[in-house]
Amino acid sequence: MSEDTSNALLAKIARLIEAGGPMSLADYMHLCMADPQSGYYTTRNAIGGDTGPAEETGDFITAPEVSQMFGELIGIWCIAAWQAMDRPSVFTLVEAGPGKGTLMADVLRAARQMPDFLSAADVLFIENSAKLAEAQRNTLSRHQGSVRSMDWAGSLTEMPDQPAILIANEFLDVLPFRQYAKTETAWREVGIILDEDGNLTKGATATVLERDRLPAGAADEPTGAIFEIAPAREAIVEQIGRHISANGGAALLIDYGHTESGFGDTFQAIRNHQHADPLHDPGEYDLTSHVDFASLRRTAATIEGIQTAIMTQGEFLLALGLLERAGALGSGKDEATQDTIRRQVERLAAPEQMGQLFKVMAIFPKGIHLPAFT
Ligand code: SAH
């Protein structure tokens, strides 16, 4: 069955390229992820963890699915952010791209120790896959009674005008991005074209990147070097920053990526925990690229009254008390359980696992003190 959907999407993409010329990676990614008939998130159960050991199910595994400790510590951070904002009696607790809903379920469970936080929270999920929204409803329905309200929306523009505490894990990496390749004379956008056999392949387009978008060192890069930009991610950060500037709040964006803009091809496809060719079998793989946090911080820096801070996921979780939480969770448990918890800590925070590649970026008003960051 999946073969048919993939062929249908490939045929659709081929028709679009024949009619309109090379397709940008951004348009390709959007179709592969969100096409109503064949898109990856509209048709597949992508994220591991529900029907067996997380490493063996789904296509990839995210931090909330590795361990409940991840969401619990983020819950503690959200409460501290709410306290730092002088405990608004109504605020939106937003999660963008909630996947299976595990992160928010752990946040809300951890927040049971602070009923005033829960009763002030209008919980809002930003999700564009009807299938995943359904999964989130199933996971979260039992928490509905403990919060002020719970709702779903397709876009951040639907956030109401009140303070917002926003969390997003592995949301930015799935948003479309663009690639530019260096030629003798300019940096030209990389497009997707058809080769002689009708397969998708990369080719140059006529679109040239403005020089002021390039980081230092561009002149020293060899011909063929790749530079990536992601206006869709910048637009999200701008939206969040403007909302916090106008209404108050704080945001936590967690993703894999780099803290300095740089060169290189980070386009990747994952299925069954294996890397694959992103141009093969459209709609059948999770397509992502690394997040350029430096560009997102530059975007936020243009917004009045807003500041950003960034650290690695390992630093962030340890600062919030990962080891103490693990100790409490394992105390009095058998050897095997303690071993599992130890492995989860390593997975989340060890530099060679998720600890270093994943970054945590906070967006918040100037003058506010947030745990781990200030
Ligand atoms: N945060 C979850 C899931 C990450 S997968 C976790 O850590 O497990 C990415 C999520 O973002 C999915 O829920 C996907 O459906 C959603 N998503 C992707 N593009 C989106 C868009 N443009 N608008 C809203 N949600 C989107």
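## Cysteines

No disulfide, meaning a pair of cysteine sulfur atoms within 2.5 Å, turns up in a search of the whole structure: the count is zero. This is a predicted model, in which local features need pLDDT of at least 70 and side-chain atom pairs count only at pLDDT 80 or more, while totals for chains, interfaces and linings use all residues. Residues are numbered from 1 along each chain as its sequence is written, and side-chain values use heavy atoms, with hydrogens and water left out.

Burial is expressed through relative accessible area: buried means under 20%, exposed over 50%, and partly exposed in between (1.4 Å probe, protein chains only). Cys32 is buried, with a relative accessible area of 1%. Cys78 is likewise classed as buried, at 0% relative accessibility.

Helices (H or I, at least four residues) and strands (E, at least two) are DSSP runs, numbered from the N terminus. Strand β3 covers residues 121-126, and six of its six residues are buried, so the strand is largely enclosed by the rest of the structure. In a regular strand the side chains alternate between the two faces of the sheet. In β3 both faces are covered: one side carries Ala121, Val123 and Phe125, the other Asp122, Leu124 and Ile126, and all of these are buried.

Two strands count as paired if DSSP finds at least two bridges between them. Strand β2 (residues 91-96) pairs with β3 in the parallel sense over six bridges, and Phe91 stands opposite Ala121 of β3. Strand β4 (residues 149-153) also runs parallel to β3, the two being joined by five bridges; here Leu124 stands opposite Asp151 in β4. Together with helix α8 (residues 130-140), β3 and β4 make a right-handed β-α-β unit. Right-handed means that, with the strands pointing away from the viewer, the path from the first strand over the helix to the second runs clockwise.

## Salt bridges

Side chains of opposite charge can pair when their charged atoms come close. A salt bridge is taken as a side-chain nitrogen of Lys or Arg within 4 Å of a carboxyl oxygen of Asp or Glu, and a search of the whole structure finds 15 of them. One of these joins Lys100 to Glu65, with the closest N and O atoms 3.7 Å apart. This pair links distant parts of the chain, 35 residues apart: Lys100 is in the loop between β2 and α6 (102-110), and Glu65 is in helix α4 (residues 63-66). Lys100 is buried at a relative accessible area of 13%, and Glu65 counts as buried at 15%.

Glu72 forms a salt bridge with Arg325, the closest N and O atoms being 2.6 Å apart. Because Glu72 lies in helix α5 (residues 68-84) and Arg325 in helix α12 (residues 322-330), the pair ties together parts that are 253 residues apart in sequence. Glu72 is buried, with a relative accessible area of 6%, whereas Arg325 counts as partly exposed at 25%.

The side chains of Arg148 and Asp122 meet in a salt bridge at 2.9 Å, N to O. Arg148 lies in the loop between α8 and β4 and Asp122 in strand β3, so this pair ties together parts 26 residues apart in sequence. Arg148 is partly exposed, at 48% relative accessibility, while Asp122 is buried at 10%. Elsewhere, a network of salt bridges links Arg44, Asp59, Arg271 and Glu284.
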